[in-house]
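Subject: Structure handover

Hi,

Here is the structure for your set. Please open it alongside this note; my findings follow below.

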Amino acid sequence: MGCAASVQGTETPKSKSSFQISYSKDETVLAALVRFDEEISSCEGSHPVQRLAVISAELRSIQIEIAEFDGVPSEVTDAKYAKTIHQMFVALDLYKRPMLAAENEDFVANVNRKEMRYLEAKYLRIREKDLERESQLLHTQLLRLKTLYTNLQMLLDSLWFKKSRPGLYLESALQRSQELRNALASVSMRLRAASEYGQNAIRLVEAALRAWKLASIGRSGWERTSSCADACSLLIQARCQERGARRVLCARAAPRAARSVRLTLDYAFTDCLHDHK
């Protein structure tokens, strides 16, 4: 099967047109087979089928979550978040009289919870768009892979009839090996995606801790509120990353630490006032 001359003893090809489509006239059969093998290996190296399955499942989950944010504005920004809290503190005179923070902490927490919900919806929509773009790229890659397999099959059919093709028993064994490989790749893609989410969450938490330190040393009320808002925004993103890891792993229950962070965020601004006082 090494070159065009090596197939003279085989049966007559089914169709000359399919043979010509599979590889160019200046290319030997061996070169065409090697090229197809390399291109298919290159396309399958990133496991696009398994990655697409993970993305599709995550997209469905995100879209369900976004539906719960129906009516939540999407134009919220981190700067607007800080400004809203700052204006509330000015209206309640909490900068000049921080002792009032204890009396109004539930009210502040409710406002903060509402604003954080806006940010969470914003981050989910951004993630949804990112996944949709990646899904489109993977679909294009899979179409390319399907074309390669089709051309390879056309080349093989042009050389041998299926019944006379040598090594058919090896093809069935190879198919079983590929099924095992695909199953392992599916698990690997889920674990890799969860790992990326976890690493991103850790980086965001570290950045949030640095922002929180700035909140404790800010000279003005606006500086402290702005730094606290930055820390909360980063922690909200970290929570979204943690939920992303649970989505790809199909783990619904949030860990206790994640629930504790959510409760802590509600009262982050009043805690910041108490710390400064």
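A cut-off to start with: buried means under 20% relative accessible area, and exposed means over 50%. The model is predicted.

Helix H9

H9 spans residues 256-266. Three of its buried residues are Ala258, Leu265 and Asp266. They lie on the same side of H9, because they cover an arc of only 110° around the axis. Arg256, Ala257 and Leu263 are exposed, on the other side of H9. As background, an α-helix has 3.6 residues a turn, so residues three or four places apart point the same way.

Aromatic pairs

How many aromatic pairs does a search of the whole structure find? The count is three. One of them joins Phe89 and Tyr95. Their ring centres are 5.6 Å apart, and the planes make an angle of 80°. That makes the pair edge-to-face.

Is Phe89 buried or exposed? Phe89 has a relative accessible area of 2%, so this residue is buried. Tyr95 is partly exposed, with a relative accessible area of 23%.

Phe89 also pairs with Phe269. This pair is edge-to-face too, at 6.3 Å centre to centre and 85° between the planes. Which parts of the chain does the pair link? Phe89 is in helix H4 (residues 78-92), and Phe269 is in helix H10 (residues 268-276). The two residues are 180 residues apart, so the pair links distant parts of the chain. Phe269 counts as buried, because its relative accessibility is 2%.

Step back from the pairs and there is one aromatic cluster, formed by Tyr81, Phe89, Tyr95 and Phe269.

Around Phe36

What sits over the ring of Phe36? The charged end of Arg35 does, 4.6 Å from the ring centre.

Asn151 is 115 residues from Phe36 along the chain. Their C-alpha atoms are separated by 8.4 Å. Asn151 belongs to helix H6, which covers residues 105-159. Asn151 counts as buried, because its relative accessibility is 18% and the cut-off is under 20%.

Best wishes

Conventions: Residues numbered from 1 in each chain as written. Predicted model: local features only at pLDDT ≥ 70, side-chain atom pairs only at ≥ 80, totals over all residues. Heavy atoms only, no water. Phe/Tyr/Trp six-rings, centres within 6.5 Å; stacked < 30°, edge-to-face > 60°. Buried < 20%, exposed > 50% of the residue type's maximum accessible area, 1.4 Å probe, protein only. Helix = DSSP H or I, 4+ residues; strand = E, 2+ residues; numbered from the N terminus. Lys NZ or Arg CZ within 6 Å of the ring centre and 35° of its normal. Arc of directions from axis to C-beta.
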